[in-house]
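Colleague: I have a structure open and would like to go through it with you. Could we take it piece by piece?

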Amino acid sequence: MTALVVVSHSDPDSLTHSVSRSISDAIRTSGGIVETADLAAENFDPRFAIDDLNLYRGNGTPPADVLAEQQRIDRADHLILAFPMYWWSMPALLKGWIDRVFVSGWAYEYNPGVEFVKKLDRLVVHLVVIAGDEAESFERHGVYDAFRTQIERGIVEYCGATVGSTTFVYESDSRPREDLAVEISEIGIAVAARVQDQPSHSGARNTAPTYSNSHATV
């Protein structure tokens, strides 16, 4: 199995990076192949600029950095997103990565009056979220439902990919680091096991990317 671990945090000593390293190490130990995309260290530009807008409107080609990210994902059977929770969602850097990379023609195909096509059905996605709040608060305020609607269904399943697992690390700002270190190690092992146990539809993409048929005017 091959996996792409995408980490979104500016501090390499953060818990987010620790969990991404734990997952990567565990996958390698189990015999898998791992590639890491450190969006902050690589200075990925999350801004949806004019070239991205032209592509969305069907009048352009993918910018080089977007194409490189799509090719990274195309090489992987499993995509693992590790990020801190900001405002019940993900950091702007990761959201911008999704906005720019998961575009019509590559992640899905939409044209008015034509059947909607989900193009990432070969991919299994794992979400690992570092949260400052406690689990009881998430339950009380409906965070799980919001996360399920916005991210699992609204992004992953919208493009046809499968949610392989969703893991939350709670009280990341207040718990002893020793306890968090043990949990992060366990998460790495657990995600690696899911990567090994959950087969994707491996191989080439079922449909080639097509970027010239969307004519939205947004």
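Colleague: How much of residues 1–176 is helix and how much is strand?

Modeller: In this predicted model, residues 1–176 are 36% helix and 22% strand.

Colleague: Which UniProt annotation covers residues 1–176?

Modeller: An unreviewed UniProt entry annotates them as "domain: Flavodoxin-like fold".

Colleague: What is the mean pLDDT of the chain?

Modeller: The mean is 90, and 91% of the residues reach 70 or more.

Colleague: Where does pLDDT stay under 50?

Modeller: One such stretch is residues 204–208, for which the model has 11 contacts beyond four places in sequence. Another is residues 210–218, with 29 contacts of that kind. Where pLDDT is low, the predicted coordinates should not be read in detail.

Colleague: Let us turn to β3. How many of its residues are buried?

Modeller: 7 of the 7 residues of β3 are buried, so the strand is largely enclosed by the rest of the structure. His 78, Ile 80, Ala 82 and Pro 84 point one way, while Leu 79, Leu 81 and Phe 83 point the other way. In a regular strand the side chains alternate between the two faces of the sheet.

Colleague: And which strands pair with β3?

Modeller: β1 runs parallel to β3 and is joined to it by 5 bridges. Strand β6, residues 124–130, also pairs with β3 in the parallel sense, over 7 bridges. Ala 82 takes part in both pairings: Val 7 stands opposite Ala 82, and Ala 82 stands opposite Val 128 in β6.

Colleague: What about Pro 84, buried or exposed?

Modeller: Pro 84 lies in β3 and counts as buried because its relative accessibility is 8%, under the 20% cut-off. Beyond its neighbours within four places in sequence, Pro 84 is in contact with Ser 8, His 9, Thr 16, Ser 89, Met 90, Pro 91 and Ile 130. Its C-alpha atom is separated by 8.5 Å from that of Gly 132, 48 residues away along the chain.

Colleague: Where does Ser 8 sit?

Modeller: Ser 8 is in the loop between β1 and α1, and it counts as buried at 2% relative accessibility. Not counting residues up to four places away in sequence, Ser 8 touches residues including Thr 16, Leu 39, Ala 82, Pro 84 and Leu 94.

Colleague: A change of topic: which residues of the largest nonpolar core touch the most other members?

Modeller: Of its 39 residues, they are Val 6, Leu 79, Leu 94, Trp 97 and Phe 102. β1, β3, α4, β6 and α6 each supply at least two residues of this core. A second, separate core has 19 residues, among them Val 19, Val 169, Leu 180 and Val 191.

Colleague: And what does Phe 102 touch?

Modeller: Leaving out residues up to four places away in sequence, Phe 102 touches Ile 73, Leu 79, Trp 97, Ala 107, Tyr 108, Leu 120 and Cys 159.

Colleague: Ile 73 belongs to α3. Which residues of that helix are buried?

Modeller: In α3, residues 64–74, the buried residues are Val 66, Glu 69, Gln 70, Arg 72 and Ile 73. Seen down the helix axis, they fall within an arc of 155°, so they line one face of α3.

Colleague: What covers the buried residues of α3?

Modeller: The cover includes β1, β2, α2 and α4.

Note on methods. Residues are numbered from 1 along each chain as its sequence is written. This is a predicted model: local features need pLDDT of at least 70, side-chain atom pairs count only at pLDDT 80 or more; totals for chains, interfaces and linings use all residues. Side-chain values use heavy atoms; hydrogens and water are left out. Buried means under 20% relative accessible area, exposed over 50%, partly exposed in between (1.4 Å probe, protein chains only). Helices (H or I, at least four residues) and strands (E, at least two) are DSSP runs, numbered from the N terminus. The arc is that of the directions from the helix axis to the C-beta atoms. Contact means heavy atoms within 4.5 Å. pLDDT is the predictor's confidence in each residue, from 0 to 100. UniProt positions are given in the numbering used here, feature names are shortened, and annotations may be inferred rather than shown by experiment. Two strands pair if DSSP finds at least two bridges between them. A nonpolar core is a set of buried Ala, Val, Leu, Ile, Met, Phe, Trp, Tyr and Cys residues joined through side-chain atoms within 4.5 Å.
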